[in-house]
Amino acid sequence: MELPTYAFQRERFWPASLQSTSTDPASLGLAAVEHPLLGAAMSSAETGDVLLTGRVSLTTHPWLADHAVAGVVLLPGTAFVELAIRAAEEVNCNELTELVLENPLALPEQGAIQLQVQVGAADQNGQHPVTIHSRPEDDCDGDTWTRHASGLLATVGTTTTTDAAAKFATWPPPGAQPIPVDDFYTLAAARGYHYGPAFRGLRTAWQHGDELLAEVQLPNDDTNTPHDSNQFRLHPALLDTALHPLITNGASSSGEAPWLPFSWSGVRLHAVGATALRVRLVARVAGEVSVELTEPDGRLVASARSLVTRPVPEDRLLNLGGGAGATFRVDWRALSMNTEATSNAEGWVLLGTGDSAVPRGQAVPTRLDLASLRADLDRGRSAPDVVVLPRSGPGVASDVPNSAMAATADVLEVLRQWLDDDRLTASRLVVLTSGATTTGPGENITDLTCAPVWGLVRSAQTENPGRFLLVDTDDAPASRQVLRAALAAAIEADESQLALREGNALVPRLAHRGVDGPTDSVALDQQGTVLITGGTGTLGGVVARHLVRTHGVRHLVLTSRRGRQSPGAAELAAELSELGAEVTIAACDAADRSALAELLDNIPDEHPLTGVVHAAGVLDDGVVPSLTTQQLERVMTPKVRAAWNLHELTGHLDLAMFVSFSSVAGTLGTGGQANYAAANAFLDALSVRRRADGLAATSLAWGYWEQATGMTQHLDHDSTAARLRRTGLRSISTEQGLAMFDTSVATGEPVLVTAKVDTAALRSAGTGSIPAMLRGLVRAPLRRATTNSSAADSSGLAERLRDCSEAERDRTLRSLVQAEIAEVLGGIGAAEVALDRGFVEIGFDSLTTVELRNRLSRAVGIRLPTTLVFDYPTPRALADYLRERLVPETDDTVVPPPGSAVSPPRHEDESDIAALSVDDLVRLALDDRTP
């Protein structure tokens, strides 16, 4: 047979440890709980409260995936009843007196949810409060718990079951009218209830006056039977199925929103382990029923005095499906500083002729520009620690877009020169603005011209950690006086951004906005017109369909440069027309003011413009050192100039919404997209300005959409998603994005970050690689103490290498380089990285080379040059360069004695060992010690 010509590929799996640690509840000081959703229980020595804990996921409880509402997998409301009943047993209660379901619990496709059921001490009436909370297992830092249910438990007298048995003696009762159930689950899906096999247990149903009667059972085949069904008191799937007849009734059919259980009262359990039930639901008032459940022979299993159901808007459910904290805001928090210890201005230089940044009473060295500073370095002067670059726009700009692009281009040129000079590697460039960003709801953007500079520099920071610091000041005398101290504090704390307000130093943190309950959607006049720029693009089309289907918009104007000639435009127009909308597709560049004005003038008076969605944009990526002014202008024009035109030309209208599609790049800074980040930072600032002026405005800083768009269709989505996960971001599904759109626009906040943050990825990345903006979402791990202090600081690797032989140094550094390359590229193991293949041949581009440089800089504890991969074009050459930097050639190399802990494996040819994988080295070491 034909064999491949390339080397065999293999991957070895070695056990990390042969030692096992017992983690059963008893070994942890807890009591075991035999329950499918709960694992352990404990009581508080101080208060007597009982706490039960559990873990649930679609992997461990796959039958839960069969319960979805509006496309979102939810833990059934009946599961909360089951959890509360099990908790009642811990305090010897036999009735769930009350349980209010406050928030649905969406189950993620991947990962798990931690559960807590807490039972408090009895009150004067003998009732115990009970609450049920959850949080994502990969988000265990800080106060991330969500309360889903609260209620009361009590002990009541024994209830006779004679009355229930009599009611079910004749089954079905005379006069009961059969309800067809053959197509029941098809009809239920049309109403938003998507039930899989585990929840398709409705067998027969009848209407008998104000009673709904039914027979239900759990599936009894091996494929569909829920695991551990006999360990539940009353299986949630069975109890949920018992409520399905309500879907055929008015309680669940009035209105478009699906109805879910809201509150239970007087719930009693009389038998456990039921797998089939007779059901009797008696209507009380609209949305309220009493519940009686018996075995097929009529013996009572459970009863509820009252169950109240309520409609839940689909957009709220979809937002839950996006994950907790799918929308974020930027909060500014105080940074402590020592004003006395940094009262002088030694070690820093101010660029420019103005003195607005100079603390009064302090003489600060100034240079006209960066060229003057570099001339000093040519003459042999030392590079300063800090270089401050003040930038401000004109007080009143006649052409804001041109002024903004010019200011951004000016700063881009300074950044390029700064990165091009290796003598400034240890210096920090401070870009100082005034009024270009806000720190709270009460502030306005006073300098729109310099707002995009913040996006530009944020991306430069991502590409070059530790090289730049962004500062915005209010120019108050107190702020000017503490500037030096604030800079020192920010640098010491490794902060990348800083704001000074009335002498106080503030740093930004991304914070969960949270879901505070149903949010009313923005009211859009069905007779009005909504304009969508970029409307024939992927996201523009998605939003257009959503506005028509969900918000009832009937008049749309969709613009793009090619108009009806755009791919898919005709099909989109036809689809929207079939949905009942009148659609105009126009070839109009919103950056062309006269063309846009003409388009707006042609909107008929009977259907006035009531909403704007600015979704147009282009990409032209490149890392900062190679980014040109032309690339900057090409990307900023369709966002910045178009947004400004829309702002001015619609300023006299009472718009219900003015939504800008921004990007998380402008907030967090994305490597390789400094121009795109700058453009989106302007959109965010303009939204703040509009809100301050009393105009509608929402800027959505989107994360990465799963669905390929016009700007992302050229990307390898698998590799892009993997790279984003390493930075702490996950992709957004279309359904999640639309739910975020509705919720965010309805909040009235000018700027929200609509993205999914992967806190587990951030946590595993380690302290040094968590961006400052994200530190509010993840608590950084503590430094691990070591017996060798040198191993704990940045020189630790160098110290260890000095005690190694030359061959072991090469092995260590080559293995390090291979591991980092494999992590950056993804999908390959470290052993598969050939040492002598060029980086371009391996698959590196400008962005991945930056990521590799940054990862290696953190790993070895020294700042590496921006041209690292280009100067050392193979993994072997790169490892050799690291060896030269970390351990300069000396004649006193210490070689460990044979048999010591750091002794290299003995081998006939040391050069062969250098090419072995880590697993091979482990095997050789083990073989060496075999008697």
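Helix α14, spanning residues 593-601, has L596, L599 and L600 as its buried residues; buried denotes under 20% relative accessible area, exposed over 50% and partly exposed the range in between, with a 1.4 Å probe and protein chains only. Viewed down the axis of α14, these residues fall within an arc of 95 degrees, so they line one face of the helix, the arc being that of the directions from the helix axis to the C-beta atoms. S594, E598 and D601 are exposed on the other side of α14. The buried residues of α14 pack against β26 (529-533), β27 (555-560), β28 (582-587), β29 (609-614) and α15 (629-649), where contact means heavy atoms within 4.5 Å. Helices (H or I, at least four residues) and strands (E, at least two) are DSSP runs numbered from the N terminus.

The model is predicted: local features need pLDDT of at least 70 and side-chain atom pairs pLDDT 80 or more, whereas totals for chains, interfaces and linings use all residues. Residues are numbered from 1 along each chain as its sequence is written, and side-chain values use heavy atoms, leaving out hydrogens and water.

The protein chain holds 29 helices and 34 strands, and 53% of its 931 residues count as buried.

Turning to the aromatic rings, Phe, Tyr and Trp (its six-membered ring) pair if their centres lie within 6.5 Å; planes under 30 degrees apart count as stacked, over 60 as edge-to-face and the rest as tilted. Y193 and Y195 are stacked, 6.2 Å centre to centre with 15 degrees between the planes, and both are buried.
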